[in-house]
Amino acid sequence: RRTGNPGRDPRDSALLREAWLQWRSPIGLVGVGQTLSAYGLGILANDGRDDDERFGLARHGDVVDRVLFATRPFARRNGPARPADALALFVAGDLVFRDENARLVDGDLAFQVSGGAAFRHPDFDNAVVVSWRRQRDDDRDLLEVTAIDVHGRNRVALPIARSADPDGRPRAFDTTLHLDYEAVLLVGRTTRFRDVTAPDGLDILSGGAVGRLAWDLARPGVRVAVEAGYASGDGDPYDDRATAFFMDPDWHVGLVFFPEMLPRITARAIAQVSDPARVAVPPKGADLTASQGRVTGAAYLHPTVRWRRPLPTGPDDEVR
């Protein structure tokens with residue numbers, strides 16, 4: 001984030017992304033190791049995995065050293081299933097190895113404590129996560145922030161019609177509706193940005209949200225989705241409060257403006273405000289304002305249409 005393209009750093013030529021051990025004890029799951037970090041849809045923490053919902057290449061991925069405990073306190077081993085069986089509680093402690101705000105190999109020390117509750121079912125997955133993060137950068141700047149993240153993925157299968165192939169064999173046109181969402185609120189304080197109006201740093205109060213409604217028609221392989229998103233901006237950069245919300249750089253929206261144009265525009269702005277011919281001392285924190293492809297200070301509408309044609313696997317699956 002401070003030396004240009006992180007992909008050219010020799011220390012990024014080989015990165016251990018996952019080395020994880022877990023034990024399913026009688027009271028819950030215990031896990032420890034280095035692992036990818038992701039919550040919800042990925043606008044706050046994103047593991048950088050390939051996502052069928054997004055266009056573009058994932059280039060980053062959040063990596064943490066984590067200790068985790070998760071349990072289903074009301075689940076029964078015997079008897080009929082109950083709604084309470086789907087409730088899971090979890091708590092985790094992280095040392096951040098790498099994300100868009102910190103790199104351990106550069107001397108940034110970032111610790112996180114997270115906890116929350118999730119209602120997990122094959123068709124419904126909704127959760128709330130509260131994370132507290134304290135970070136000291138290699139230049140001694142501080143970041144302390146609390147994040148409240150509410151997210152979910154829900155689907156409803158609807159058999160709506162039936163038709164027949166030319167040979168008379170019935171074929172079902174089943175459809176599935178998906179409702180996915182994530183909303184994040186950040187509250188905290190940082191000394192990474194300072195100016196004459198805020199010599200002791202800035203308070204943080206920002207938020208973002210994404211909602212997506214998708215419709216799948218299984219047999220033709222068609223998916224139609226409409227996604228809406230919002231990331232708060234900062235209308236007054238000279239006060240003592242930071243209100244801009246930056247979505248994770250691996251949350252891709254489109255192929256041109258956010259991933260290509262905005263990073264170049266913000267990088268050029270940083271070069272101008274740091275030019276020795278213009279200013280004697282660059283503004284504190286100017287090097288951290290590059291977008292890296294992140295959505296910030298914007299509301300967007302992102303419709304997509306996807307068609308997948310499965311390959312034939314046998315005589316009955318001949319492509320017509």
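Leaving aside neighbours within four places in sequence, with which residues is D94 in contact? The structure examined is a predicted model, in which local features need pLDDT of at least 70, side-chain atom pairs count only at pLDDT 80 or more, and totals for chains, interfaces and linings use all residues. Residues are numbered from 1 along each chain as its sequence is written, and side-chain values use heavy atoms, with hydrogens and water left out.

D94 is placed in strand β4, strands being DSSP runs of E of at least two residues, numbered from the N terminus. Beyond those sequence neighbours, D94 is in contact (heavy atoms within 4.5 Å) with V64, D65, R66, A110, F111 and Q112. The side chains of D94 and R66 are joined by a polar contact of 2.7 Å; such a contact is a pair of N or O atoms within 3.5 Å, where within protein one must be able to donate a hydrogen and the other to accept it, and residues adjacent in sequence count only if both atoms are side-chain atoms. D94 is buried, with a relative accessible area of 4%, the term buried denoting under 20% with a 1.4 Å probe and protein chains only.

Strand β9 (residues 202-217) is joined to strand β10 (residues 222-231) by 10 bridges, and the two run antiparallel; pairing requires that DSSP find at least two bridges between two strands. In β10, R223 stands opposite D216. With strand β11 (residues 241-242), β9 pairs in the parallel sense over two bridges, and D203 stands opposite R241 in β11.

Definitions and conventions: Helix = DSSP H or I, 4+ residues; strand = E, 2+ residues; numbered from the N terminus. Buried < 20%, exposed > 50% of the residue type's maximum accessible area, 1.4 Å probe, protein only.
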